[in-house]
Amino acid sequence: QNPDLNGMGCALVGVIVDDRGASWVSVGDSPLRLYRDGKLRRLNKDHSMKPVLEALVADGELTSEEAARDRRRSALRSALMGDEVPLVDISEEPVALLSGDKLILASDGLETLSVEAIEDILKSLPADTPSQVVADALVDTVIQAGKPNQDNTTVIVMTLGASPGGTLEPEKPITGGSN
């Protein structure tokens with residue numbers, strides 16, 4: 001109805017945590033990450049051009065400098081737009097979770113920070129830091145970066161802890177946000 005919005009869409013990441021672990025569905029570039037033993041790893045696929053450009057670098061068809069400057073880097077290859085969705089990432093099997101793991105769901109604004117910077121923030125906080133404080137620390141660091149044209153940043157942190165019965169139970173998920 002509004003031609004000015006033609007081509008606009010949104011990313012989506014949804015997670016279910018149960019006694020088998022974490023399962024997800026995602027479209028777009030919003031990251032779902034697992035933090036365990038001081039290391040952060042992405043669980044879902046990135047549907048932006050970034051992994052395509054990184055593959056071109058690995059194949060020697062592009063330099064890393066060219067890939068970093070490429071204007072298409074953050075362009076989405078899949079998004080929710082009211083049409084057919086070309087790329088959908090659905091976990092085949094749940095990822096097992098351990099007590100102390102942190103799941104971090106975020107909008108792509110968190111990508112302002114490098115993986116190493118996020119790991120440093122998480123390492124600097126005591127393991128029992130409430131999820132709200134972790135989310136706020138991540139969002140505050142994105143804001144402090146002062147990146148021009150900063151994309152929106154929303155962060156949800158879920159810290160897994162052992163329940164008395166021995167099964168894993170998430171803390172209440174908390175969000176921190178910035179536009």
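Q: Why does Asp-37 count as exposed?
A: In this predicted model, Asp-37 has a relative accessibility of 76%, and exposed means over 50% relative accessible area, with buried under 20% and partly exposed in between, for a 1.4 Å probe and protein chains only, so Asp-37 counts as exposed. Residues are numbered from 1 along each chain as its sequence is written, and side-chain values use heavy atoms, leaving out hydrogens and water. Because the model is predicted, local features need pLDDT of at least 70 and side-chain atom pairs pLDDT 80 or more, while totals for chains, interfaces and linings use all residues.

Q: Where is Asp-37 found, and what is its phi?
A: Asp-37 sits in the loop between strand E3 (32-36) and strand E4 (39-42), strands being DSSP runs of E with at least two residues, numbered from the N terminus. Its phi is positive, about 50 degrees, although Asp-37 is not a glycine. Most residues other than glycine have a negative phi.

Q: What pLDDT does the protein average?
A: The average is 85, and 90% of the residues score at least 70, where pLDDT is the predictor's confidence in each residue, from 0 to 100. Over residues 163-169 the pLDDT is below 50, and this stretch has twelve contacts beyond near neighbours in sequence, a contact being heavy atoms within 4.5 Å. Where pLDDT is low, the predicted coordinates should not be read in detail.

Note on methods:
Helices (H or I, at least four residues) and strands (E, at least two) are DSSP runs, numbered from the N terminus.
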